[in-house]
Amino acid sequence: MAGLWIGGRHTTNAKAKEVGNSSRPNSQDGWVTVDGEDDSLATQVKEALSLSSNGDGKSGSDNGQGGEAQNLEQELREAREKMAQLEAKCASLGQRCTRADEDVQSYKTVVRCKEEEVAHLRAQLVLAKSEAEAAKLEASHLNAALSAGTAAGRDADTLAEELEAAKEREQLWKIAARSRISYTSFEPGDFALFLPTSNGFFVAFNKGCPFRYLSSESLEAAKAKCGEHLSYVVGPLIEISESQAMDEPNCNPYGLPIGTPYHVCTVAVQ
């Protein structure tokens, strides 16, 4: 049978109920005994009830603190997850910034190269215009001399030939100015103009860069495309090979002085 242990003896529920019924609160300690019951028994019942009440309060306090700790741990986990997400976003943004910086540097390099190319072409254009003006002036002087019939001892035929040559040079300078033809330096990719020589070869139109000859393969391609009688050949340079005139068979096809360096140019015929 269930009951309470009070004062070293077992008290049944009925007994405890009886004690409870035979006791009532007073104004001092809250309980008094009636019907001749032992005062110590009532005191032990009150202590048992007080301990039970204190235990329940402590348990509720512990439960409240445990729930608060769990909430704090959950908030800490969520904060760590958010921190990890922010760190991942920062790393991604850093990579994108790095790639953007690399793209900007690449674009700057391209722009700088294009600016240098434009400056070079402008310088070539100015020089070509200057040469064209000089050739035009020379042709004008020769034409005036031919019209007057005096050319310091030279006959009219010689003057006519010189005039025709001057006009041809003027035309070539105009072509060079329009077509951005290279004539002061020659590199693969540059446009070059080749003119016929008296011995049947074609040499590059140049200024200060002599002995640039058109390769036999390019000459044959030009003849196949434009006919046998060519007044000039123009096109981008594909390959340039350097050689030196030597006193050996097939080592001086252009009849240059021994030891003279020369270049053979392969072009894509236009």
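Me: In which strand is S241 found?
Reply: The model is predicted. Within it, the element that holds S241 is strand β8.

Me: Is S241 buried, partly exposed or exposed?
Reply: Buried requires under 20% relative accessible area, and exposed requires over 50%. The relative accessible area of S241 is 32%, so this residue counts as partly exposed.

Me: Which residues does S241 touch, not counting those up to four places away in sequence?
Reply: S241 belongs to strand β8, and β8 is joined to β9 by seven bridges, the two strands running antiparallel. With residues up to four places away in sequence set aside, S241 touches Y262, H263 and V264.

Me: Why is strand β9 described as largely enclosed by the rest of the structure?
Reply: Strand β9 spans residues 261-267. On one count, strand β7 (residues 212-214) pairs with β9 in the parallel sense over three bridges.

Me: In β9, what is the bridge partner of L214?
Reply: Strands β7 and β9 pair in the parallel sense, and L214 lies within the β7 range, residues 212-214. Its bridge partner in β9 is C265.

Me: With which residues is V233 in contact, leaving aside its neighbours within four places in sequence?
Reply: V233 is one of the residues that touch the most other members of the largest nonpolar core, which has 15 residues. Elements including β8 and β9 each supply at least two residues of this core. Beyond its sequence neighbours, V233 is in contact with A192, L193, F194, F202, L214, A222 and V267.

Key: Residues are numbered from 1 along each chain as its sequence is written. This is a predicted model: local features need pLDDT of at least 70, side-chain atom pairs count only at pLDDT 80 or more; totals for chains, interfaces and linings use all residues. Side-chain values use heavy atoms; hydrogens and water are left out. Buried means under 20% relative accessible area, exposed over 50%, partly exposed in between (1.4 Å probe, protein chains only). Helices (H or I, at least four residues) and strands (E, at least two) are DSSP runs, numbered from the N terminus. Two strands pair if DSSP finds at least two bridges between them. A nonpolar core is a set of buried Ala, Val, Leu, Ile, Met, Phe, Trp, Tyr and Cys residues joined through side-chain atoms within 4.5 Å. Contact means heavy atoms within 4.5 Å.
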